[in-house]
Structure formats: structure tokens, C-alpha cells
Amino acid sequence: MAPEFKNFIAGEWVAPASGDYFENRNPADWNDMIGRFPRSSAADLKRAIGSAQRGFGQWSKTPAPIRGQVLLRVGQLLVERKEDIARAMTREMGKVLAETRGDVQEGIDTAFYAAMEGRKLFGRVVPSELRNKWAMSYRRPIGLAGLITPFNFPLAIPTWKMFPALLCGNSVIFKPAEDVPHTAHLLVEVLLEAGLPAEVVQLVHGQGSVVGRALVEHPEVPVISFTGSTETGSAIGATCGKMHKRLSLEMGGKNAMMVMDDADLELALDGVLWGAFGTTGQRCTATSRLILHEKIHERFVQMLSDRAGKLRLGPGLDENADVGPLIHEEARQKDAEYVDIAKKEGASVAIGGRIPQGDKRLECGWFYEPTVLTGVSRACASSRRKSSDRCSLC
Amino acid sequence: MRVEQEEIFGPVLAVLKVKDLAEAIRVNNDVKYGLSSSLYTRDVNAAFRAMTDLDTGITYVNAPTIGAEAHLPFGGVKQTGNGHREGGWEVYDFYSETKTIYVDYSGTLQRAQIDTEL
């Protein structure tokens, strides 16, 4: 029986009001169930907000250097637990161990950076236009920050949002992606052990369409930070705009690597393999376009196909694996669909483009072969145009 | 082609061919997103031109599009973001409210923009 996890609300680990749970499974082996996590409702969120308001009252009055010391201890605990958290993260998210260790390291770096900032959260004193008058500004906390985080960096992205929010004296309500609730649980454990007052952080698991939405729409949460799709970000932006909330959005990308004819091609090859296939292409900064100078195009595509074909797919906990699985079935279907679309539009598959066959280790995971599509031509940026239209830049 | 314009979020790389750096920059910029870009070259003039002309929140020279560090701002332009940054010093502006304070200890009414004599 897989363990049952809880929310952290009002200073204690509690079951969801509804009693409903969702399953968290290993994307490299869907028979491996990590645990059942709360499918929370607006009732759970309401309690969390009431508690976070009390937490804010206490934490916002704690001097910033003291807040920084708590974050220093958070960083130190993350150093001690780096390997354990990395392994748990690989099990629920899929990326290889080297990368989940890096993910934890990003959290450590962010904690130590925040700790330093506690002693230099500078304001300004400027000369007044008038005699015997001082003119100055300082920073003060805002209130409750609602943090909605994605699956691809289960620890790093929550820390990017949470540590600065806390250092500035806000309390936080943390709604992690449903795919990676276990890492979120481990992070909150670290915060509490480091001495963060219990009501300053609230962990509410569940669906974005329920808990995330309720968080965005709640009038007592003046700050929202979201990383995810452009479509969801737009909807959040509309709500936050109407409610005059402060909102940070981090959304989609279509990142290109350009290789000129004078480049060090071996260096560029290492770069594109890491940029395109690291994290199984699931970073928001992943290299998804390779723009090659025509003089080196043919040679570089050959070099790339040779090396990409040698990347070892495997469960991320296998130290020999280079590329882990995708996060879930829909992600793999989406990849396959895009490869089909590309072929119909006239592109060629230089390598990959398939679900791997014949390897028993990969049969129960959401694996997809690293794929290079050549002969891709430019379309106009506007999807309103028909494919037959020519772009003025083409 | 859609595979050249739309985010797939998987291990699928679309390869395009261009004549020169200027075309590479146009192709890079001709998408609705603007998070990260990367240029491999040994030409310092080309690198600096690209650093300014690539319409993304982050540009790497002779390194891939991934690899952000915690102490520099992270974020994108166009449909990638809404102008805020994570990481670095900028995120501390996002999570704090600026309060402005004036203290007049002259004991008289001093009118800003009016009592401006030397």
C-alpha cells in the first residue's frame, strides 16, 4: 500500500477536507506508485489562507537578517539531503540523477543567495529638494504570496519563488504541480526543520483548475507567481489584472541555438545534445530549434544524428542513462503528434521519432526517442496565416 | 511549419538552414515566444551583434540555451512572460512593496516645487 501524504495547513499535516486523493506514479515505471496525495478543495485553501495571514503577521515583523538566517539553515539542510531529495525527485519526475542533483543544487544556491540578501535588502536615502528634510524609501513585505509551480524543476522553481518571497517577509501558499508533490512535501519538511514559523508556509496539493484557480481568485492573496503554459498564464493574468494583483508569469519558449560556419562544431554538438535532450527536452529553456549556417548544415546534421543515436534512454535512477522518460502519457502523445505533423508538412526524421521498442526496461515508462527533424522550413509567426501564405521575411 | 513555431516540450529538435547571421537572427525572432537563445561563433563582432539583436530574455554565447544561475535574472519577452524576472536581485523587487517616506524637520511648511529659492 503506497503511503498517504497530507497537506501542511495551519501548522500541521492534515488530510484534505474532502477525503479525496490522487495517485503519484513513477513516469519510468507506471507500476511504481510513490504515494497518494490530497486532492484539495477550496475549503482546504480557505483554512490555509486564514493561517497564512497569522503567519504573515509574525514573519513580516521578523527582521530581514533573521529571516535570512532561517534561509541559510534551509540551504544547509538541502546540502545534507541533496542525494535523498534527488533520488525522490527522479522517481516521481523522471529526469536523470545528475539533473535532479543539479535541481537541488539550484535550490541550495537560491537559499544561500536569499540568506545574503537578508542583510542587504536595501532601501534608499536621496537628497531632498528642500532644507532640513529627508527623502527615502524602504522595502516592506506585501502579504500572502500564492505560488503555482510546474513539474519540470520540482525543487528549483519552487525555491526561486518561495525563498525570495519569504526573505522579503511574505507568507506563502504553495501549490505544486500534481506530477511532483513528493518533492514539494520534502521541501516543506526542510523549511520547518530549519525553523521557519509553521504558519508562514502552507502546502496545498491538488489540481490547478481547483486549488490553483481558487488561489488566484482569492482577494486575500495579493501576489501570484506562476510558471507553466502560456494559455493558463493568460487566464491567470486576466483575473489578476481585474483584481489588481501583482503577478509574475514564466511561460512558454521556442528556444533556438544558432551555429555559424566559423563555430567550434564539437563544442556546439555537445551544447545541442545537452540543450535539446537534457531533461528530455522538458525545460522551458530547452533547445527546440537548431538554426544552422548553410555551409556547415549537412556536416553538423550528420554529427548530431550520430551522437543523438548513441544517447542511452533509461530510468533516471540508472546512472548509465542519459535521457529519462517524459512526464506522462499525454506528453508522449503530444511529441508523437508533432512528429506526424512535421512529416506531413514535409520535414524528415533524421533520427528518433518513435517510442522505443524491444527494451524491457523501457516498456512501462513514458519514453520517447531523442528526435531530430530536418528540412524544417519557416512559417510565419502568426498562426492566423494559411500555410500557403508567404512571410515577408522568408 | 508548426514544429518550428509551437512549443512541444519534449526531445524533438527542429533543424533549419540559413544563409548568414542576419537570417539566423530573423528566424530566431520570428516566433511568439522569447525566453532563451544561443549562438555558437568565434567572431566577436557577430557575438555582440547577436547579444543585442536576439529578442529573448536570455542569450548564451558558445553555450546551449539552458543553464541559468540563481543570482542573475531569469525570464522572457513577448508571450513568454509579463515583464517580471525570477532570480537575481530583480525578484526581490517583485516580492516587496516600496514605501516612500519624507521627514521634514524644518518646523515650517515647505512646499515642494514652489519654495525653490537658493
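In chain A, helix H6 passes helix H7 in a right-handed crossing; a crossing is right-handed if the near helix is turned clockwise from the far one by less than a right angle, and left-handed if anticlockwise. Helices (H or I, at least four residues) and strands (E, at least two) are DSSP runs, numbered from the N terminus. The model is predicted: local features need pLDDT of at least 70, side-chain atom pairs count only at pLDDT 80 or more, and totals for chains, interfaces and linings use all residues. Residues are numbered from 1 along each chain as its sequence is written, with chains lettered from A and ligands numbered from 1 in the order in which they are written.

The axes of H6(A) (residues 208-217) and H7(A) (residues 230-243) come within 10 Å and cross at roughly 30°. Axes are lines fitted to C-alpha atoms, for helices over the stretch in contact, and angles run from 0 to 180 degrees between N-to-C directions. H6(A) is therefore roughly parallel to H7(A) (angles under 35 degrees count as roughly parallel, over 145 as roughly antiparallel, 65 to 115 as roughly perpendicular and the rest as oblique). From H6(A), Gly208(A), Val216(A) and Glu217(A) meet Thr232(A), Ile236(A), Thr239(A) and Cys240(A) of H7(A). Two residues are in contact if their C-beta atoms, placed from the backbone, lie within 7 Å.

Pro222(A) lies in the loop between H6(A) and strand E10(A) (223-227). It is partly exposed, with 19 C-beta neighbours inside 10 Å. A residue is buried if 20 or more other C-beta atoms lie within 10 Å of its own, exposed if 12 or fewer, and partly exposed in between, with C-beta atoms placed from the backbone. Leaving aside residues up to four places away in sequence, Pro222(A) touches Ile142(A), Gly143(A), Leu144(A), Lys245(A) and Arg246(A). Its C-alpha atom is separated by 48 Å from that of His293(A), 71 residues apart along the chain.

Leu144(A) also takes part in strand pairing: its bridge partner in E8(A) is Ser171(A). Strands E7(A) (residues 144-148) and E8(A) run parallel, joined by five bridges. Two strands pair if DSSP finds at least two bridges between them. With helix H4(A) (residues 156-167), E7(A) and E8(A) make a right-handed β-α-β unit. A crossover is right-handed if, with the strands pointing away from the viewer, the path from the first strand over the helix to the second runs clockwise. E8(A) also pairs with strand E9(A) (residues 201-203), in the parallel sense over three bridges. Phe174(A) stands opposite Leu203(A) in E9(A). The crossover from E8(A) to E9(A) goes through helix H5(A) (residues 181-193) and is right-handed. In E8(A) (residues 171-175), five of five residues are buried. Ser171(A), Ile173(A) and Lys175(A) cover one side, Val172(A) and Phe174(A) the other.

Seven strands form an open sheet in the order E14(A)-E15(A)-E1(B)-E13(A)-E12(A)-E3(B)-E4(B), with mixed pairing. E14(A) (348-351) and E4(B) stand at the edges with a single partner strand each, so one side of each is left without a neighbour in the sheet. The twist averages 25° from one strand to the next. At one end, E14(A) and E15(A) (residues 371-374) pair in the antiparallel sense over three bridges. There, Ser348(A) has Thr374(A) as its bridge partner. Helix H8(A) (residues 265-277) packs on the sheet, touching E12(A), E13(A), E1(B) and E3(B); its direction makes about 165° with that of E3(B). Helix H10(A) (residues 329-344) also packs on the sheet, touching E14(A), E15(A) and E1(B), at about 30° to the direction of E1(B).

Strands E3(B) (residues 36-40) and E4(B) pair in the parallel sense over four bridges. Tyr60(B) is the bridge partner of Ser38(B). Between these strands the chain crosses through helix H3(B) (residues 44-53), and the β-α-β crossover is right-handed.

Between the chains, 72 residues of chain B are in contact with 97 residues of chain A. E6(B) gives the most to the chain B side, with nine residues.

Asn132(A) is exposed, whereas Phe9(B) is buried.
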